[in-house]
Amino acid sequence: MAESEAAPKQQFGIQKIYVKDVSFEAPLGATVFAKQWQPKVNVDMNTKNSKVNDENFEVVLTITVTATLDEQTALLIEVQQAGLFLAKGIEGESLRQALGIMAPNLLFPYIREAIDSLAIKGGFPAISLQPINFEALYRQAAQQATQQSVNEMSSESH
């Protein structure tokens, strides 16, 4: 028996990268350009994944950037950058890590460029998102989930 038949090969790769949804809002209109641009900027991020079929998964990285001036929203950009990923022969924790760490790392440069480009095209200064450590975020979320299940188990036993 050939070695390749003995154990299934693990494959993880990009099938397609695409923008799933984009929102750009400048609610103050042209009046925003008369103000000094020293906004308070908030960045929210979310990732989710879903199974498309036995070997393909969609991963969606969502980043929302909100810039406020004097407690008013001056700029709101939300981008959902998605990817279709092949995950062949990968299961359990390895699959969760591939979808929760590797996929967002691959999507991040695309979403970063999209947000920067939308800001500039909207007449605003460039928005350069700082790199994100998706592995640390994954580990933190896993730790919180473990702690939550421990807390739920201890509250049920009382």
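Modeller: Buried means under 20% relative accessible area, exposed means over 50%, and partly exposed lies in between (1.4 Å probe, protein chains only). The model is predicted, so local features need pLDDT of at least 70 and side-chain atom pairs count only at pLDDT 80 or more, while totals for chains, interfaces and linings use all residues. Residues are numbered from 1 along each chain as its sequence is written, and side-chain values use heavy atoms, with hydrogens and water left out.

Colleague: Why does glutamate 58 count as buried?

Modeller: Its relative accessibility is 14%. The cut-off is under 20%. Therefore glutamate 58 counts as buried.

Colleague: And what makes glutamine 147 partly exposed?

Modeller: Its relative accessible area is 44%. That falls between the 20% and 50% limits, so glutamine 147 is partly exposed. Glutamine 147 lies in helix α3, residues 134-156. From isoleucine 63 it is 84 residues away in sequence and 26 Å away in space, C-alpha to C-alpha.

Colleague: Which side chains make polar contacts with the side chain of glutamate 58?

Modeller: Tyrosine 18, at 2.4 Å, and lysine 20, at 3.0 Å. A polar contact is a pair of N or O atoms within 3.5 Å; within protein, one must be able to donate a hydrogen and the other to accept it, and residues adjacent in sequence count only if both atoms are side-chain atoms. Both distances fall within 3.5 Å. Glutamate 58 sits in strand β3. Leaving out residues up to four places away in sequence, glutamate 58 also touches others, among them Lys48, Asn49, Ala82 and Leu84. Contact means heavy atoms within 4.5 Å.

Colleague: How are the helices and strands assigned, and how many are there?

Modeller: They are DSSP runs, numbered from the N terminus: helices are H or I, at least four residues, and strands are E, at least two. The protein chain has three helices and four strands. Their order from the N terminus is α-β-β-β-β-α-α.

Colleague: How do you know that β1 and β4 pair?

Modeller: Pairing takes at least two bridges found by DSSP between two strands. β1 and β4 (residues 72-88) have 13, in the antiparallel sense. One joins glycine 13 to leucine 86 in β4.

Colleague: What is the strand order of the sheet, and why are β1 and β2 edge strands?

Modeller: The open sheet runs β1-β4-β3-β2, with antiparallel pairing. β1 (11-25) and β2 (40-51) each have a single partner strand, so one side of each lacks a neighbour in the sheet. Neighbouring strands are turned by 15° on average, direction ignored. Helix α2 (residues 92-121) packs on the sheet and touches β1, β2, β3 (56-69) and β4; its direction makes about 140° with that of β4. Axes are lines fitted to C-alpha atoms, for helices over the stretch in contact, and angles run from 0 to 180 degrees between N-to-C directions.

Colleague: What makes a set of residues a nonpolar core?

Modeller: They are buried Ala, Val, Leu, Ile, Met, Phe, Trp, Tyr and Cys residues joined through side-chain atoms within 4.5 Å. The largest has 29 residues; Ile63, Phe108 and Ile111 are among those with the most contacts inside it. Helix α2 gives the largest share, nine residues.

Colleague: How does the radius of gyration of the protein chain stand against the globule rule?

Modeller: The rule is 2.2 Å times the number of residues to the power 0.38, and the radius is taken over C-alpha atoms. For 158 residues a compact globule would have near 15 Å, but the protein chain has 20 Å. Its C-alpha trace spans about 75 × 50 × 25 Å along the principal axes.
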